[in-house]
Amino acid sequence: GAGALAGAGYPLDREATAADLGFDGVTANSLDAVSDRDFVVESVSAMALAMVHLSRLAEEITWWSNPRFAFVQVADAFSTGSSMMPNKKNPDPAELVRGRAARVIVHVAGLLALLKGLPLAYQRDLQEDKAPLFEAAATLEASLGVMAGLVSTLRVNRAAMRIAASEGYTTATAVAD
């Protein structure tokens, strides 16, 4: 019963409607009911943070799978051959997840920019909050799926890791201290 700002011009049972919809109660004021989008910004911010962490993992996998290190080998299902060097395996999903994290981060900034100049109450501008929310959710869901598959099929080269660890650089901070 909030309407766009001033409620409805006829009697409504807001408590019954809230109960029927499974809400905890009615809104304190009509302005928050129609114009608050903090929950969208907070949701997309949480998704962006999750994408940042996936991006960091993707960066590690990209480096670890580089032939110079060869700490891990990405399964064929999660890699492609290079156009210049067909024998080289590129961890494409990891690189794509790393790039897609930027898109979700941008959605947070876009939502904040959308909200920053609006007056109180409902404005049609608020219809623009759906696309960033849904795209961020879809990107995160797809990224989680592909990274779960990629990680579950990684082959770890323990010998290469052992050799790298034995070079002594893992204790560089202790030596410097």
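# Figure legends for a predicted protein model

**Figure 1. Overall fold of the predicted model.** The secondary structure of this predicted protein comprises 7 helices and 4 strands, where helices (H or I, at least four residues) and strands (E, at least two) are DSSP runs numbered from the N terminus. In sequence order, these elements are arranged as α-α-α-β-β-β-α-α-β-α-α. Because the model is predicted, local features need pLDDT of at least 70 and side-chain atom pairs count only at pLDDT 80 or more, whereas totals for chains, interfaces and linings use all residues. Residues are numbered from 1 along each chain as its sequence is written, and side-chain values use heavy atoms, with hydrogens and water left out.

**Figure 2. Dimensions and surface of the protein.** The C-alpha trace spans about 75 × 45 × 30 Å along its principal axes. The radius of gyration of the protein is 24 Å, while a compact globule of 177 residues would have a value near 16 Å; the radius is taken over C-alpha atoms, and the globule rule is 2.2 Å times the number of residues to the power 0.38. Of the 177 residues, 27% count as buried. Buried means under 20% relative accessible area, exposed over 50%, and partly exposed in between (1.4 Å probe, protein chains only).

Figure 3. The protein carries 15 positive and 20 negative side chains, and the centres of the two sets lie 12 Å apart. Lys and Arg count as positive and Asp and Glu as negative, while His and the chain ends are not counted; the place of a charge is taken as NZ of Lys, CZ of Arg, CG of Asp or CD of Glu. Among contacts between residues at least 6 apart in sequence, 73% join residues at least 24 apart, a contact being heavy atoms within 4.5 Å.

**Figure 4. The largest nonpolar core.** This core has 25 residues, of which Val 44, Met 51, Ile 61 and Leu 150 touch the most other members. Helices α3, α4 (92-116) and α5 (130-152) each supply at least two residues of the core, and α3 gives the most, with 9 residues. A nonpolar core is a set of buried Ala, Val, Leu, Ile, Met, Phe, Trp, Tyr and Cys residues joined through side-chain atoms within 4.5 Å.

**Figure 5. Surroundings of Leu 150 and Pro 93.** Leaving out residues up to four places away in sequence, Leu 150 touches Ile 61, Val 74, Phe 78, Pro 93 and Ala 94. Pro 93 lies in helix α4 and is buried, with a relative accessible area of 14%. Beyond its neighbours within four places in sequence, Pro 93 is in contact with Phe 78, Val 146 and Leu 150. The C-alpha atoms of Pro 93 and Phe 78 are 6.4 Å apart in space, and the two residues are 15 apart in sequence.

Figure 6. Ser 45 belongs to helix α3 and is partly exposed, at a relative accessible area of 30%. Val 106 is found in helix α4 and is exposed, with a relative accessible area of 54%. The C-alpha atoms of Val 106 and Ala 48 are 8.6 Å apart, and these residues are 58 apart along the chain.

Figure 7. Gly 25 sits in the loop between α1 (14-21) and α2 (30-35), where it is partly exposed, with a relative accessible area of 38%. The C-alpha atoms of Gly 25 and Arg 14 are separated by 8.7 Å, and the residues are 11 apart along the chain. Ala 70 is located in the loop between α3 (38-64) and β1 (72-73). Although Ala 70 is not a glycine, it has a positive phi of about 55°. Ala 70 is partly exposed, with a relative accessible area of 28%.
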